Amino acid sequence: MAEISDTIIVAVIGLMGSGAGAFGGILVSSKLTQYRLEQLEKKVQAHNHLVERMYQVEERTELQEEKIKVANHRIGDLEKAVKP
């Protein structure tokens, strides 16, 4: 009977060790996944910031192009007015 008890105790200890190892592996894997998600979120945030800046640049470019057209039209009008 003592042999059965020792065998059961060893099996229970082995089961607890396996369970602790599996749980530890899950925790490490979870932390690694969380870290990688945070890094991806930072990259996405940087990309979105770049996209927002590009929209602003495009808007300014359109505004400058419109100002150039108006200035060219005014120059043309002045040239016509000076040449009789």
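This briefing describes the fold, the surface and selected residue positions of one protein chain. The model is a predicted one, and the protein in it contains one helix and zero strands. Its radius of gyration is 36 Å, well over the 12 Å that the globule rule gives for 84 residues, so the protein is more spread out than a compact globule. Buried residues account for 0% of the 84 residues.

**Overall form**

- Helix α1 covers residues 2–82, and the count for the protein as a whole is one helix and zero strands.
- Taken along the principal axes, the C-alpha trace of the protein spans about 125 × 10 × 10 Å.
- The protein exposes about 8100 Å², of which carbon and sulfur atoms supply 64%, while the share of buried residues stands at 0%.

**Charge and surface patches**

- A nonpolar surface patch of about 390 Å² is formed by I4, I8, V12 and M16, and V12, one of its members, is found in helix α1.
- V12 has a relative accessibility of 41% and therefore counts as partly exposed, a class that lies between the limits of 20% for buried and 50% for exposed.

**Glycine positions in the helix**

- G14 lies in helix α1 and is classed as partly exposed because its relative accessible area is 37%.
- Between G14 and L27 there are 13 residues of sequence separation, and the C-alpha to C-alpha distance in space is 20 Å.
- G19 is likewise found in helix α1, where a relative accessibility of 38% means that this residue counts as partly exposed.
- From G19 to L63 the separation is 44 residues along the chain, and the C-alpha atoms of the two residues are separated by 66 Å.

**Charged positions in the helix and their separations**

- R53 lies in helix α1, and its relative accessible area of 45% is the reason why this residue is described as partly exposed.
- R53 and S29 are 24 residues apart in sequence, and their C-alpha atoms are 36 Å apart in space.
- E79 also has its place in helix α1, and this residue is partly exposed because its relative accessible area is 47%.
- The C-alpha atoms of E79 and G25 are separated by 80 Å, with the two residues standing 54 residues apart along the chain.

Key. Residues are numbered from 1 along each chain as its sequence is written. This is a predicted model: local features need pLDDT of at least 70, side-chain atom pairs count only at pLDDT 80 or more; totals for chains, interfaces and linings use all residues. Side-chain values use heavy atoms; hydrogens and water are left out. Helices (H or I, at least four residues) and strands (E, at least two) are DSSP runs, numbered from the N terminus. The radius of gyration is taken over C-alpha atoms; the globule rule is 2.2 Å times the number of residues to the power 0.38. Buried means under 20% relative accessible area, exposed over 50%, partly exposed in between (1.4 Å probe, protein chains only). Accessible areas come from the Shrake-Rupley method with a 1.4 Å probe; for residues, only the protein chains shown count as cover. Patches are made of residues with over 30% relative accessible area and no salt bridge: like charges are joined within 9 Å, nonpolar side chains (Val, Leu, Ile, Met, Phe, Trp, Tyr) within 5 Å. A salt bridge is a side-chain nitrogen of Lys or Arg within 4 Å of a carboxyl oxygen of Asp or Glu.
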